[in-house]
Amino acid sequence: MDREAVVSARKILTRLHDVMASRSHAQAKLNTVVEVIGGGLDSEVCSIYLLREGMLELFATRGLAQEAVHVTRMAIGEGLVGTIASNAETLNLAEATAHPDFSYRPETGEDKYHSFAGVPIVRRERAVGVLCVQHADPRRYEEVEIEALQTVAMVLSELITNAGLVDEDEGLIAGVQHTGPEQLLGLTLVKGLAAGQAVFHQPRVTIQHVVAEDTEAERQRVYMAFDKMREQIDRMAAQAEFGVGGEHDEVLETYKMFAYDEGWSRRINEAIDSGLTAEAAIERVQQRTRMRMRQIDDPLLADRMHDLEDLSNRLLRIVSGQLGTAASMGLRNDAILIARNLGPAELLEYDRRRLKGVILEEGSLTAHVVIVARAMGVPVLGRVRSLRGVIREGDMLLLDADQALVQIRPTQGTIEAFDTRFARNRQRQAVYAQLRDVEPFTRDGTRITVMINAGLRDDMPNLALTGADGVGLFRTEFQFLVSATLPARERQTRLYRDVLEAAGDKPVVFRTVDIGGDKVLPYLRHNDGEQEENPAMGWRALRVALERDGLLKVQARALIEAAAGRTLNVMFPMVSEPWEFDAARDVFESQLKFLKGQKKVLPEAIRYGAMLEVPALAEMIDVIAPRLSFLSIGTNDLTQFLFAADRSNPKLAERYDWLSPSIMRFIRRIVTSTAGHDIDVTVCGEMGGRQLEALALIGVGIRRLSITPAAVGPTKELVSKVDITEISDAMAGWLATPPKNLRATLHEWASSRGLPVD
Ligand code: PEP
Ligand code: MG
């Protein structure tokens, strides 16, 4: 804003402030407002249209016929006023009648006015009215006048809402949208369909006061907020230097650039000079940038724009003290959560009944947040770009993770088509439900064991619902992730006992805590408080548990006590060398001895297993196998180590395929090395839950799968149609002479035999 605009906006704002503070009636206030603005901008006409019952109604005017007030009404999208509201965009025209959307209203007597400028009055990102000025001379309004008009419109939005002149939710109810229906594409992370309102994990701040009481105080607030924000960004950047790298770094670089951008802070200061509060000034500058950017069609700039939006929102949250996430405020309706990225613990804070879907700007298939969402049965779409410019808080969304897209503000037709797909999905689910009591035998009579992965008490009903053979992986760290503090032994015992009771006769394999990597516990920091360069390959899982053996001891005791009188199946994550398994087992054995001494009821038997997630262990199977009852292949970690590709790095999410000859050969090698040892071999990574991958695994000799509950039905369906000899021969051929694309080859092979493959 230049000086002139600042001065005229300031003058108008000072007068508006008095009007707002006066005790007069709302209508009288509006009548004064149009006089103040018209006079301040030296405009013959100044009018305010407000949204009432879905129509834009002329509420006050200076210059137009007074008889038209509360009579002239425009639909959204109708005429210049309706166009401004529906696009939430400014119009500045030297000759109003020349605009294709011009619609003449004789009752207003506006025919003598040629030039026209109008700005939307926005509340919570939705247009709730329009403020416009008109002149007899055909001239375009100066940039400074438009600036002043936009600033005034912000103030008006406060006055209007405080006076109860528009329903705060009306923009939403009346279907007034920032833009029309849109569709965005992404990467399917968890399949499924969901409908709900858009909820941003980091919500946008609602601005309470727009006009400043004390400009100097507002300036100080912004200075302090900038300092704090820069500090946060610097801290994040310093951590990232030792952290994940990749995309994250680029984002942080951009953040840093904006955070220290003098131009940005100067513009905010100027907006404060014009009489706005710190919050309103930040928002005002952001609105202006948004409008400018909309005119430039450049995807790279659009990306930058999101970063600035993010940062601007961060600054707003700091300045207003509104720091909580959407979870802390609670979900009020069925919601689709939107975030750049999330940790598993953050996701678990949401109300499971209301959380219907998740959309991430980043995300990858095996990131733990995605695993948690899969366990919760919540569809997730990842890698969705440009969503901030398109989706607004509260927008209606139809998430179709099956087809990797989201429909935003859908039309009635889209909603109906979606409902049909919902119904078809339910039918398919019903078919799977019928398979609940059918044992999974292949066509040639081999029994495949199909178990579920779980992690919370709430997951246990899935066992009965799916008819699975047991819980092949119970991720005990989920309880740690959802707790604010380290769960005490009694709480652990209670959970494990409940889980065993819920499982009845079916086995449950408890995996001891796997914390570290992307499962960060705020209350369990490193001894030395340092960040790790490669957390996935760092101080995690059994490594933490053995170093802090207090942790493992407590868990061992809890598991042993909970399994009193039953068989306890326990396995250790990330075993890299056989001695680590021995050390962990020793912790259990000494706890067992201690409890025996206490004359406690003990488990009937303890079966010990190791997870094979670190490739090095595959070379030691002959050594470790005699000490094991079972081995569980954790393909999520195993594949990230085999490909040297971080499972949480969104840039690598689509680069390597589980269905590659190298992975399949590796798994076959594990199966072959265990032959002759009396141990069960299970695959418990995410890949086992996909039909095509399950087929390939069966083809290399895997007979036990532990998968996400939603995949049990589809897997049973697949198993019933598989001929083991056929798939084994085919896989043997492809692994001996790998085709160019194993996935495509297998898919074609399976489809031609009528096998269900997703
Ligand atoms: C795995 O790594 O495949 C696994 C099952 O464990 P998690 O995903 O919990 O690391
Ligand atoms: Mg793992």
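**Close-up 1. Packing of helix H2 against helix H4 in the predicted model.** Helix H2 (residues 26-40) and helix H4 (residues 143-162) pack with their axes 12 Å apart and at an angle of about 170°, which makes H2 roughly antiparallel to H4 (angles over 145 degrees, taken between N-to-C directions on a scale from 0 to 180 degrees, count as such). Leu30, Val33 and Ile37 of H2 meet Leu149, Val152, Leu156 and Leu159 of H4 in this contact (heavy atoms within 4.5 Å), and its residues divide into seven nonpolar, no polar and no charged.

**Close-up 2. The open sheet of six strands.** The strands follow the order E3-E2-E1-E6-E5-E4 with antiparallel pairing (pairing requires at least two DSSP bridges between two strands), and the edges are strand E3 (73-75) and strand E4 (91-93), each of which pairs on one side only. The twist from one strand to the next averages 25°.

**Close-up 3. The magnesium ion (ligand 2) and its protein donors.** Glu613 (OE) and Asp637 (OD) are the protein donors, lying 1.9 to 2.1 Å from the ion (donors are N, O and S atoms within 2.8 Å of the metal, or 3.2 Å for Na, K and Ca, and sites may look incomplete because water is not among the atoms). Glutamate 613 counts as buried at 2% relative accessibility, as does aspartate 637 at 2% (buried means under 20% relative accessible area with a 1.4 Å probe, protein chains only).

**Conventions.** Residues are numbered from 1 along each chain as its sequence is written, while chains are lettered from A and ligands numbered from 1 in the order in which they are written. In this predicted model local features need pLDDT of at least 70 and side-chain atom pairs count only at pLDDT 80 or more, whereas totals for chains, interfaces and linings use all residues, and side-chain values use heavy atoms, with hydrogens and water left out.

Notes. Buried means under 20% relative accessible area, exposed over 50%, partly exposed in between (1.4 Å probe, protein chains only). Helices (H or I, at least four residues) and strands (E, at least two) are DSSP runs, numbered from the N terminus. Angles under 35 degrees count as roughly parallel, over 145 as roughly antiparallel, 65 to 115 as roughly perpendicular and the rest as oblique. Ala, Val, Leu, Ile, Met, Phe, Trp, Tyr, Cys and Pro count as nonpolar, Asp, Glu, Lys and Arg as charged, and the others, Gly among them, as polar.
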